[in-house]
Amino acid sequence: MQRLVVGAGYGLKDWLAQRITGIVMAVFTLIMFAAALGGAMSSREAWQAFMANGFIRFLSFLFIVSLCWHAWVGIRDIWMDYLNSAALRLFLHVMTLLALVGYAGWAIQIIWRL
Amino acid sequence: MTNANRTVQFKIYRYDPDQDAKPYMQDISVELESTDRKLLDAMVKLKAQDDSISFRRSCREGVCGSDAMNINGKNGLACLTAMDSFPEGKPIVLRPLPGLPVIRDLIVDMTQFFKQYNSIKPYLINNDPPPERERLQSPEDREELNGLYECILCACCSTACPSFWWNPDKFVGPAGLLAAYRFIADTRDQATNERLDNLEDPYRLFRCHTIMNCVDVCPKGLNPTKAIGKIKEMMVRRAV
């Protein structure tokens, strides 16, 4: 029997998280622009010194996590909008989540080894 | 284009499931008099000319919401659309509201739309015994209902919403959510928590991605997106 079921009882946290992570990314982007204007990208040494700063490490980590979290909600929304098969949706949700967690670790490793 | 008699071209979506294998667009022209000011007037003339053309209509003044249709690509009410708002020399293209099953010509099956409307319990829930005269509100509390209660359920907004096109069985849609907020905002209603619980769902409420097609087409000038935003705001206030 195929009865339609709705009422998962979640959604607010994802919606809110998407907005908050968006703000984090916007702030980080502005800081990066300011840093570029201030000469942090003028040479490899300057860039390394900039990225070694504890506060920038903290922010860049937040940025990567925000980016992946934001992408998770957005990509999941696309699967929910356009795919009708629950099995396919579940598969793609899991794949998206695994890929994003992997990307987050990889991105942080790249940025922190600078 | 306002005074003398004139001929106006139409392109109308035609489909009679008993006769047609598939829908087609019919070119038809009609002679209008200066008193035929609204699109609905022209359509009544069209109907007199070819009585097989089917569409819903009733009050002819934007109150009943029957004659909602897709006019030159945008949803609206035929009775509120002025004939002189159309560019001269181009045919007026009329199609049924998008996303709902077509019963015949411009008549759509609104069952899904009303199912969603019913799902938000569009009536006051108050378990206190009714007072002798009426349940009173302060003018400020009553003010909050302006822009919400005026909805005529014509379905222009919900059928302009891509989220409603893809998930009409799960997403409440702008019209239903506007009505939901009308009761959430009502200080006389006692089921606020249940109403918010009912909507806190990735499909029922959060399929709205705030593209504001609903605001763009509402013939009554209402703002479902704003109401949806207020529902989300109340959920945040309840949660933090």
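**Entry 1: a sheet in chain B**

I started with two strands and found four bridges joining β3(B) to β4(B), which run antiparallel. I noted how the elements are named: helices (H or I, at least four residues) and strands (E, at least two) are DSSP runs, numbered from the N terminus. Two strands count as paired if DSSP finds at least two bridges between them.

Before going on, I reminded myself that this is a predicted model, where local features need pLDDT of at least 70 and side-chain atom pairs count only at pLDDT 80 or more, while totals for chains, interfaces and linings use all residues. Residues are numbered from 1 along each chain as its sequence is written, and chains are lettered from A and ligands numbered from 1 in the order in which they are written.

Back to the strands: Met69(B) stands opposite Gly76(B) in β4(B). I saw that β3(B) and β4(B) make a hairpin with two residues between them. In that turn, Asn72(B) has a positive phi of about 45°.

Next I asked what β5(B) pairs with. Strand β3 (residues 68-71) of chain B is joined to β5(B) by two bridges, and the two run antiparallel. Here Asn70(B) has Arg95(B) as its bridge partner. Strand β1 (residues 6-14) of chain B is joined to strand β5 (residues 92-95) of chain B by three bridges, and these two run parallel. For Phe10(B), the bridge partner in β5(B) is Ile92(B).

Then I put the sheet together. It is an open sheet of five strands in chain B, in the order β2-β1-β5-β3-β4, with mixed pairing. At the edges I found β2 (24-32) and β4 (74-77) of chain B, each of which pairs on one side only. Neighbouring strands are turned by 35° against each other on average, direction ignored. Helix α1 (residues 39-49) of chain B packs on this sheet and touches β1, β2 and β3 of chain B. The direction of this helix makes about 105° with that of β2(B).

I looked up two terms for this. Contact means that the C-beta atoms of two residues, placed from the backbone, lie within 7 Å. Axes are lines fitted to C-alpha atoms, for helices over the stretch in contact, and angles run from 0 to 180 degrees between N-to-C directions.

**Entry 2: two helices in chain B**

How do α2(B) and α5(B) pack? Helix α2 (residues 111-119) and helix α5 (residues 173-184), both of chain B, pack at an angle of about 25°, with their axes 9 Å apart. That angle is why α2(B) counts as roughly parallel to α5(B). My cut-offs: under 35 degrees is roughly parallel, over 145 roughly antiparallel, 65 to 115 roughly perpendicular, and the rest oblique.

The crossing of α2(B) and α5(B) is right-handed. (A crossing is left-handed if the near helix is turned anticlockwise from the far one by less than a right angle, and right-handed if clockwise.) From α2(B), the contact uses Gln116(B), Tyr117(B) and Ser119(B), and from α5(B) it uses Gly173(B), Ala175(B), Gly176(B) and Ala179(B). By class I get three nonpolar, four polar and no charged residues. (Ala, Val, Leu, Ile, Met, Phe, Trp, Tyr, Cys and Pro count as nonpolar, Asp, Glu, Lys and Arg as charged, and the others, Gly among them, as polar.)

**Entry 3: two helices in chain A**

I moved to α1(A) and α3(A), which pack at an angle of about 140°, with their axes 8 Å apart. That makes α1(A) oblique to α3(A). Their crossing is left-handed. Among the residues that meet here are Phe28(A) in α1(A) and Trp69(A) in α3(A). The contact divides into 11 nonpolar, six polar and one charged.

**Entry 4: where the chains touch**

The contact takes 13 residues from chain A and 16 residues from chain B. On the side of chain A that touches chain B, the elements giving two or more residues are α1 and α3 (54-82) of chain A. By class, that side has nine nonpolar, three polar and one charged residues.

I zoomed in on α1(A) and helix α8 (residues 224-239) of chain B, which pack at an angle of about 100°, with their axes 11 Å apart. That makes α1(A) roughly perpendicular to α8(B). Leu12(A), Trp15(A) and Leu16(A) in α1(A) meet Lys232(B), Met235(B), Val236(B) and Ala239(B) in α8(B). I sorted these into six nonpolar, no polar and one charged.

**Entry 5: confidence**

I checked pLDDT, the predictor's confidence in each residue, from 0 to 100. Chain A averages 93, with 98% of the residues at 70 or above. Chain B has a mean of 96, and 98% of its residues reach 70 or more. For the complex, the predictor gives an ipTM of 0.87 and a pTM of 0.92.
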